[in-house]
2 protein chains.
Amino acid sequence: MSTAETLRALLDGPYTQTRDRVRWWLSQPGNEPVDDLPLEEHRARVLEWSRELASQGDTAIGYPAEYGGKDNPGAVVAAFETLALGDLSLLVKCGVQFGLFGGAILHLGTEKHHARYLQDVGSMELPGCYAMTETGHGSNVQHLRTTATYDPDTQEFVVNTPDDDARKDYIGNAARDGRLAVVFAQLITGGESRGVHALLVPIRHEDGEVCDGVRIEDCGPKLGLNGVDNGRIWFDNVRIPRENLLDKLAQVHEDGTYFSPIESSTRRFFTMLGTLVQGRVSVGGASISASKVALTIAIRRGLERRQFGVPGAEQEALLMDYRTHQRRLLIPLAKTYALSFTQLRLIKDLHAVFTDENTPERERRELETLAAGVKALATWNATDTIQTCREACGGAGYLRSSRFAALKADTDVFTTFEGDNTVLLQLTAKNLLTDYKDSFGDLNPIAMVQFVAGQALSVLSERTALRKVADSVLPGRDDDADLLAHKTQLDLFRWRHEHLLTAAARRLKGGMDAGKDPFSVLVDTQDHVLAVGRSWVDLVILESFVAAAEQNPLLSKLCSLYALSTIEDERGYYQEHGRLSGARSKAVIKAVNTLCGELRPHSRELVDAFGVPETALGDARVVANEQERVPA
Amino acid sequence: MSTAETLRALLDGPYTQTRDRVRWWLSQPGNEPVDDLPLEEHRARVLEWSRELASQGDTAIGYPAEYGGKDNPGAVVAAFETLALGDLSLLVKCGVQFGLFGGAILHLGTEKHHARYLQDVGSMELPGCYAMTETGHGSNVQHLRTTATYDPDTQEFVVNTPDDDARKDYIGNAARDGRLAVVFAQLITGGESRGVHALLVPIRHEDGEVCDGVRIEDCGPKLGLNGVDNGRIWFDNVRIPRENLLDKLAQVHEDGTYFSPIESSTRRFFTMLGTLVQGRVSVGGASISASKVALTIAIRRGLERRQFGVPGAEQEALLMDYRTHQRRLLIPLAKTYALSFTQLRLIKDLHAVFTDENTPERERRELETLAAGVKALATWNATDTIQTCREACGGAGYLRSSRFAALKADTDVFTTFEGDNTVLLQLTAKNLLTDYKDSFGDLNPIAMVQFVAGQALSVLSERTALRKVADSVLPGRDDDADLLAHKTQLDLFRWRHEHLLTAAARRLKGGMDAGKDPFSVLVDTQDHVLAVGRSWVDLVILESFVAAAEQNPLLSKLCSLYALSTIEDERGYYQEHGRLSGARSKAVIKAVNTLCGELRPHSRELVDAFGVPETALGDARVVANEQERVPA
């Protein structure tokens, strides 16, 4: 096997066949990503594509076999993230239909819903919506304001939008194709509010006519993803039968009696959200794929394009031979590899959780926490990486045919959907600070402040995560350790996280003990709290990369580049806490530069390993051919 | 005057009237930025707009009065950057026509060219192109490959594109409207190459038909700026009369004798580029304006949008009350103010240089150096700021009607055009490292390595910039100085720049002295060299802000936020060199947080001061009205 093939096998993980099938589909004529179609034509193309994929059975593999699926949730994510190498509107259309809409029916509904709908969802016969977000409530969805009031006289739920602020907004599949919607609403029975529940509400008839009492508005052109028909939905006291409540986590009896095995409504809400973790894992994976496309285009160009160089030399110098170009592209390359291996871990954990009902609660919470954090870091990495790659391609990267226009525009909202990144990092930090004990508390960060403050510090530091901190706070204790040793790198990452975590807990508690109000305590420490989340995700990412790197010397070098460039970014913190001396900190920068130089000869193999279909590279090949014609 | 009015007067500088006139125009119905028009309609709209502006005499104010102008180059830049609050395709169309194309005729041509063309250029009667960039040479334009060979028999120049790599590429106004092009080509007379010169080449007849021997191709849809018709141009031995050479810097006599008052062809090339500094100043200014639009939208939304907050409180908390939101928006706000005051300085210097022929050479070089550096930092700031603002607006920011789609896409290429940012920062550093002595050397960074290495270190450190370094390298010497004192901040910025500069000179020289080849020496130090450029621009930006801040306590606070957040970013470096202790470094972070909290109540005034016309804010007002309807 060539180096690229060896690396690709490692990156693909256990789903090579699934991924190859998607790569094959993307390579077929007619399946190239759209770079310039009018809105409605783009929407039509995407619908047609998704029907084609559905007809081949590729979109239902996560569903039970009895409904046309293969009971394989891990393969779904692998297929989805590979599909992200191509047109991202198609990806999001599929994500909405088969992941969010179908996933809600699968995970929140019961047998009767599965039997009635899943087959048609998986085959795209029944296009649907996942109607959670409202104009006024995007992050704080627990407080959304659509209502579903049970009427025992008719045994129906009455779904209602109280005002424009509570309309469902940015809902994929709503503007044009969706016929049924999973609507999240405050459930009211017997005059009592039971918190957010999901219900199936028809929004269009088979002929496309909008149902009575439903109003739909097109969100119109967006910054990107214009092949997806996002819309707004209002419900004017729409009546739906009792069985349309997705009732796995809570049931309403004919007389309106409410029953749920989960007593706390907040806990129920988070259990509901937890079943939908696949969305976050998938968006994270998709953004990693988009980064791979951008890096492939930019690095290939950097290996063809010449500019300046030694005066009088036969040829100008290749862009990739400049250190600035190496730093700009190889560091994001290393991070994208690192995220890719972390994603494999997430897929493995997700598959385990969804195929084993006995997975311990804590493992589920850990999966949710890691999925939230990786989604935030992977989507930010995509935004940064794609931007850098566009710039590295100069004017050529600005032509729409280069693919950067679509890559930039389509991935832009990944930092927002499935949870705003800042909110997600805060959630990650919260779960760590409360050691998952408050996982069912309010998403509200204030609740976290109050929980942490309520704990004794001794209890806080008893936790696994905090246990070894005392050992590692001694300054500069490994000044002689080899920076290229993964153990050294892991120690530094771990130390940073543990130190941030302990200090944040102390500050939260200290603020409350000093009698401040919890909002002020949160505000005072919020940047620190986010750093807790980020540092933990960084650590898990490095652990994942190191595990993979042990199999391959080239990967080991790339892993060191990821580790040391991250330490370089954080060297202010390390020095503030005496963990790196000034000289040591400078040595980190030097090592990053040296690694860039050493990896430069392998840069083509490293992107070839991503296996991005040529059809997804825009006119990168054309540019390549032109460059080859540059006379010496 | 209200606070916002006071601040606006400071930000507008001496060109209030000019700016108000542009703001008025932008506020008229029909002049709102385009957010969704098909390519050709957008192009037509932009052409129509530019004709309207031209008919009002607003586009020629930098030209001599005898050709319809007002001899006011400073006002041109002020008008241009204000126009950047609106549709950026219009801005770039104007920049190409009146700035680049007209500017080349004005600055590189002589009386006969002015008399024949300027009036028609300024009125948009004669749309034209600035044909410099080639497919194969974007940054290294000194080595572009189009030729203009003088034929004494017919007294014509023969303009030729030797191969596709030498075609003119990404040329604005070329695909649709341009009739005349300023073509940059290697001039050949008497069989000898004289370096790059500019010549006027007709490319289309009045009826729009392409001239014989000229081939034009549409670049097609771009990532943004689709109201500008970029194209590619090939010349197949096109003959133009001798007087079409723009001959201010060099003349060719009837018999082909070549004469230039500037002997060195490289020096001539850079003198030529120098006259075009207005382009860089204008792009920098435009990107500052685009940042202002984005910040106005996002901060207004942050002051209306509520999410989470104290449980049980009457209302959820405003986004702007969260520290993370403050850090995300107020730090870019401070930087945008800082750049805005620096831009006023650039306009002043530019006006002086262009209205006083006796400006000393060194001042011209300093203007060029600062313009290059500010262009780089301002355009990167725009890319980052607009992205952050989009994310801060969540899903609402993703609708095209929010304006973020256009802001992101249209400004994206600002980091590339008028010089790739990395190349520009390197140029800045080079001018500093060679103390402008090698300003006429090759743009090639290798030449800089050789120049610096050729100097004695004692000579290098004799220079003004290096003189005081010895005094300030003592570590931690101002640990007690007030971080909020601008003097402390300036000292830290200056120290960082001077230390980087001296160390880079030593490394360049040391590398060459050790017998390494100059390319390796460059590669080894390239990240350090870029830091030299960046640190100097940072310093000048702070100096400009401090000068303005002295007039206003609120600005002084904002200036401290700019200064300390920059020091926070660079605290790794300061600690490495013993200039900040760990405790002091932590104090910087704390001060940034405190300043964010203190500036929060003024955030609306601070963006209102930008004076962005409401028509340029997309649906920000609609969103605002909706938010006001959120029940308590």
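Guide: Let's start with A:Ile171, which stands opposite A:Gly231 in strand E8 of chain A. You are looking at a predicted model, where local features need pLDDT of at least 70, side-chain atom pairs count only at pLDDT 80 or more, and totals for chains, interfaces and linings use all residues, while side-chain values rest on heavy atoms, with hydrogens and water left out. Residue numbers start from 1 along each chain as its sequence is written, and chains are lettered from A and ligands numbered from 1 in the order in which they are written.

E8(A) covers residues 231-235 and pairs with E4(A) in the antiparallel sense over 2 bridges. Two strands pair if DSSP finds at least two bridges between them; strands (E, at least two residues) and helices (H or I, at least four) are DSSP runs, numbered from the N terminus. Both strands belong to an open sheet of 3 strands in chain A, in the order E4-E8-E7, with antiparallel pairing. Its edge strands are E4 (168-171) and E7 (214-218) of chain A, each pairing on one side only. Neighbouring strands of this sheet are turned by 20° against each other on average, direction ignored.

Now for some helices. The axes of H13 (residues 445-454) and H17 (residues 486-513) of chain A come within 8 Å and cross at roughly 90°. Axes are lines fitted to C-alpha atoms, for helices over the stretch in contact, and angles run from 0 to 180 degrees between N-to-C directions. H13(A) and H17(A) are therefore roughly perpendicular to each other (65 to 115 degrees). On the H13(A) side, the contact (heavy atoms within 4.5 Å) is made by A:Met448, A:Val449, A:Gln450, A:Val452 and A:Ala453, and on the H17(A) side by A:Ala505, A:Leu508, A:Lys509 and A:Met512.

Over in chain B, helix H21 (residues 582-599) holds B:Ser585. This serine is buried, with a relative accessible area of 0% (buried means under 20%, with a 1.4 Å probe and protein chains only). Leaving aside neighbours within four places in sequence, B:Ser585 is in contact with A:Glu576, B:Arg571, B:Gln575 and B:Leu580.

Finally, a word on confidence. The mean pLDDT (the predictor's confidence in each residue, from 0 to 100) of chain A is 92, and 93% of its residues reach 70 or more. Over residues 464-476 of chain A, though, the pLDDT is below 50. Where pLDDT is low, the predicted coordinates should not be read in detail.

Note on methods. Parallel < 35°, antiparallel > 145°, perpendicular 65-115°, else oblique. Buried < 20%, exposed > 50% of the residue type's maximum accessible area, 1.4 Å probe, protein only.
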